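Subject: Structure for you to look at

Dear colleague,

I am handing over the structure we spoke about, and below it I have set out what was found. Please read the notes with the structure open beside them.

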Amino acid sequence: MDLSELAARLRARLGTAAVITDRQRLRTYECDGLAHYKVIPGLVVLPEDTGQVAEVVRACVAAGVPFVARGSGTGLSGGALPHAEGVLVVTSRMRRLVEVDPANQRAVAQPGVINLHVTRAAAPHGYYYAPDPSSQQVCSIGGNVAENSGGAHCLKYGFTTNHVTGIELVSPTGDIVRLGGKAPDPPGYDLLGAFVGSEGTLGIATEVTVRLMRAPESVRTLLAAFPSTDEAGRAVSAIIGAGLIPAAIEMMDALVIEAAEAAVHCDYPAGAGAVLIVELDGPHADVEAQFVEVESHCRDHAAFEIRIAADDAERALFWKGRKSAFAAVGRISPDYIVQDGVIPRTSLPEVLRRIADLSSDAVRVANVFHAGDGNLHPLVLFDEAVPGAAEQAEEVSGAILDLCIEHGGSITGEHGVGMDKAKHMPRMFTEADLDTMQMLRCAFDPGHLSNPGKVFPTPRLCGEVPGRHKGAHPLQDAGVAEVF
Amino acid sequence: MTDPATVLSELAEACEGLARPADESDAVAGVAPSLVAAPRSADQVAEVLRVAARHGLTVVARGAGSKLDWGVPPERVDLVVDTSGMTGVVEHASGDLVAVVRAGTPMADVQQTLADADQQLALDDPTGAGTVGGTVATAVSGPRRLLYGTVRDLLIGITFVRADGVVAKAGGKVVKNVAGYDFAKLLAGSFGTLGVITQAAFRLHPLARDRRTVSVRAAGAAAATRMAQDVLGSQVVPSAVEIDAPPGGGRPEVAVLLEGVAEGVRARAATAARLLGDAEQRPAMPGWWGRYPFAVGDTGLKLTTEIAGLPALLDAVRRAGDRTGLPVHVRGSAAGVLYAGIPSGGDPAGVATAVSVLRANAATYGGTVVVLTAPPAVRAGVDVWGPVSGIDLMRRVKHEMDPRRTLAPGRFVGGI
Ligand SMILES: Cc1cc2nc3c(=O)[nH]c(=O)nc-3n(C[C@H](O)[C@H](O)[C@H](O)COP(=O)(O)OP(=O)(O)OC[C@H]3O[C@@H](n4cnc5c(N)ncnc54)[C@H](O)[C@@H]3O)c2cc1C
């Protein structure tokens with residue numbers, strides 16, 4: 001079946017407005033937040049509910065056409081990059097917050113619901129949704145589930161996967177399946193846990209049940225300025241070493257501070273080689289006691305200025321510099337790559353030194369990261385107009401991932417593998433590891449239609465693997481298996 | 001036909017001679033195996049499983065054996081893979097709050113090693129005898145799951161051997177990592193049906209500097225659940241809120257654990273005491289804390305509920321007791337994971353009725369009922385796992401990973 005036939009069929013079922021074929025409008029969806037990969041989708045469909053998503057997937061299966069889910073398109077690894085011959089299933093009309101249920105400490109959302117809207121709806125009840133990616137004003141819950149998104153506060157509270165207790169999904173074969181719900185520990189394999197972070201390759205989430213947390217009694221935030229990232233890094237080690245787990249510890253180096261200053265005038269202390277934002281939250285007495293300790297660890301490690309947020313407005317200002325960092329580097333460099341890698345936090349000084357060695361006049365590296373858990377976001381700055389600079393930047397960016405792997409870390413802490421890093425997966429995992437992961441893929445998506453080409457460098461042919469057998473083993477048929 | 005002696009010698013070759021014929025003590029939930037192998041490394045486990053695959057042997061992995069009779073008895077066991085020789089903390093990166101541990105290591109040993117650095121793996125071990133591998137494979141949890149989560153939340157990397165004898169790993173040894181599928185979660189709670197776990201990496205927590213328990217005997221079930229829910233809805237950030245309701249309408253006890261810095265714990269304990277109607281603050285936890293309300297040989301159930309369903313669940317437990325005349329003891333976390341114990345010797349038909357009373361009400365409290373362990377006569381008359389949502393996908397996962405049903409066949413949900 002060609003796509004126009006599929007479009008006609010879906011129009012008949014979902015209504016004309018739900019199907020986009022106009023090339024100009026299709027172009028709106030040609031990339032996600034990683035804009036240098038671009039593909040105009042064959043067809044865009046905007047379903048309104050689970051039933052419609054299932055219809056779309058079943059139609060794709062019948063026609064043998066691949067499909068890609070898309071939430072808000074803020075992903076940074078090309079996960080929502082469309083297929084030229086496929087269907088892009090956009091969840092932007094699935095924005096109903098089905099239920100806020102404070103008694104059960106849960107909320108139920110359609111996948112297109114914007115992350116921040118969950119917290120906004122829960123706040124009047126004294127609750128919030130903990131995972132807070134910097135993109136939370138625009139990214140969708142479905143995208144968060146697919147990427148297992150983190151946020152500044154995941155040091156203490158964990159990632160999306162720790163806060164999703166149930167999903168309804170449309171499997172790649174078109175079945176509607178519920179995994180988990182409001183109660184904990186559903187019996188059976190933790191397919192929910194496997195689905196979170198699967199980047200759209202195991203189906204489309206159509207409803208998500210999340211845990212709401214009680215808003216903390218007290219929040220205290222400080223901004224500490226250090227001569228360099230070395231001292232700031234040592235302060236972080238001292239804080240963690242003392243058994244303190246702040247809600248967030250974020251670090252920015254001089255270049256990022258310069259960019260943030262230019263972009264949002266956050267007015268960080270002048271002359272800082274690094275700043276830390278440390279936030280503590282929880283019961284009042286605990287926070288007060290620990291805050292004093294954090295402050296003294298910063299002073300002991302050469303912080304030359306410490307500011308304490310007097311109110312929410314000042315706290316927001318501290319965070320504004322940090323949360324705008326990615327976009328802000330646009331002020332100091334015409335082009336840049338946002339990298340995402342993880343190292344054991346204790347390797348920070350060594351890795352930062354090696355990253356500094358990698359930079360040059362043509363390619364600079366600005367560092368902003370979740371210092372508490374070793375998740376680096378080096379921003380590789382370059383000017384495409386300078387011949388060779390783009391290639392050099394790609395090389396530096398790749399070398400940073402090598403550093404992460406060399407130190408026992410990961411090629412991605414929160415932005416996902418997507419299109420961009422599939423080629424790096426064999427550097428972190430053996431062929432057997434990847435083969436095993438794809439057994440899960442084959443169980444969910446034997447036809448290989450759900451977001452193909454992402455996550456894995458080479459697809460596994462489902463059910464056709466040498467050395468594996470279908471049905472009873474020959475030995476069993478021969479009665480040999482009954483030996484014992 | 002393969003000669004048993006040949007198989008034994010191949011197994012012995014695979015694991016430094018540590019293979020032997022099985023005896024009665026090796027039975028798995030009453031099912032007698034023929035052989036036992038005790039490999040000492042992932043590579044040896046792989047070799048052993050390749051021998052098993054070659055000869056079509058079914059395999060059950062065993063740690064300390066403390067929960068070996070949980071679930072449905074396997075249809076057949078030819079070979080027990082004893083992991084108790086794979087012990088030790090491979091790496092404790094205290095500065096990174098991460099530890100990598102071999103599967104056969106007793107949980108207590110892990111905690112002891114970590115405690116030297118004032119750290120802990122924040123998982124309670126309800127049997128007090130479990131190994132790391134068994135804890136992961138059954139995903140057991142205790143009171144402090146309320147604050148720290150369960151195995152799935154703390155497990156950051158896993159190494160295991162597939163049914164076909166291939167060693168695979170997923171995750172890693174950093175807390176934050178989204179590269180590839182989260183296979184660790186898939187193995188957690190899989191009851192040995194997807195692979196033999198050989199090593200696990202965990203996220204750690206600092207040991208709390210101070211802790212206090214606040215507890216009270218409530219007038220009845222309704223009062224107990226209301227108080228527990230009040231604490232959950234407060235801002236005291238309890239590490240645990242437990243309810244213990246003895247059979248026969250005895251007064252239930254509610255106990256709250258608070259951990260943290262001394263100043264904070266003191267203030268929060270006072271608040272919690274107020275919420276429990278001026279309860280008593282105690283330095284030690286109640287004697288029943290963190291233990292199942294059932295012993296070996298009893299029937300042990302796991303009951304889950306959404307938080308607001310706690311009163312309905314306790315009510316259903318009472319009705320199950322009234323209907324059957326059996327003493328049903330229930331205990332567990334107000335987070336919605338409770339356990340019920342019915343002493344051995346109870347009429348199997350009565351136990352089956354109790355299970356169906358609870359299951360009939362499960363929908364009203366949004367949860368499930370699983371029979372973790374039970375005497376053979378009871379087990380024969382109940383659906384151990386109950387209805388499972390997503391079972392078709394689960395069967396497909398099993399089929400991809402273990403198409404010949406080598407690993408613990410029949411032990412898990414839906415006959416997996
Ligand atoms: C400025 C900026 C800051 C950011 N900060 C952070 C941060 O702090 N932490 C962080 O983790 N990420 C961050 N991100 C990355 C991004 O916002 C997250 O990955 C987010 O979860 C993506 O959500 P989305 O709705 O935009 O998803 P999309 O980009 O539309 O899709 C992402 C992936 O999810 C899949 N998908 C989408 N919806 C579904 C569904 N319903 N079912 C199944 N699969 C689906 C897609 O196929 C794709 O693979 C940032 C991005 C930007 C641009």
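To begin inside chain A, nine residues of domain 2 are in contact with nine residues of domain 5 of that chain. Please keep in mind throughout that this is a predicted model. Between domain 2 and domain 5 of chain A about 870 Å² is buried, and carbon and sulfur atoms give 71% of that area. On the domain 2 side of chain A, the residues that lose the most area to domain 5 are Pro172(A), Thr201(A) and Leu202(A), which together account for 55% of what that side buries. The C-alpha centres of these two domains of chain A lie 26 Å apart. For orientation, the domain assignment of chain A gives domain 1 (3-90), domain 2 (97-214), domain 3 (216-331), domain 4 (333-414) and domain 5 (423-474).

In total, 33 residues surround the ligand, and the closest are Ala69(A), Gly71(A), Thr74(A), Ser135(A) and Ser140(A). By kind, the residues of this shell divide into 10 nonpolar, 19 polar and four charged. In terms of secondary structure, β3 (67-70), α5 (141-147) and β10 (204-211) of chain A each supply at least two residues of the shell, and the largest share, five residues, comes from α5(A).

A polar side-chain atom of Asn144(A) lies 2.8 Å from a ligand oxygen, while a polar backbone atom of Gly79(A) is 3.1 Å from an oxygen atom of the ligand, and a backbone N or O atom of Gly143(A) lies 3.4 Å from one. Taken alone, the ligand exposes 980 Å², of which the protein buries 94%.

Lastly, there is the contact between the two chains, which takes 96 residues from chain A and 94 residues from chain B. Chain A and chain B bury about 7,400 Å² between them, with 58% of it on carbon and sulfur atoms. In chain B, the residues that lose the most area to chain A are Lys176(B), Val178(B) and Tyr181(B), which together make up 13% of what that side buries.

With best wishes

Key:
Residues numbered from 1 in each chain as written. Chains lettered and ligands numbered in written order. Predicted model: local features only at pLDDT ≥ 70, side-chain atom pairs only at ≥ 80, totals over all residues. Heavy atoms only, no water. Near = heavy atom within 4 Å. Polar contact = N/O pair within 3.5 Å; in protein donor to acceptor, adjacent residues only side chain to side chain. Areas by Shrake-Rupley, 256 points an atom, 1.4 Å probe, with all protein chains shown as cover. Helix = DSSP H or I, 4+ residues; strand = E, 2+ residues; numbered from the N terminus. Nonpolar A, V, L, I, M, F, W, Y, C, P; charged D, E, K, R; others polar. Contact = heavy atoms within 4.5 Å. Buried area = accessible area lost by both parts, 1.4 Å probe. Domains from an automatic or database assignment.
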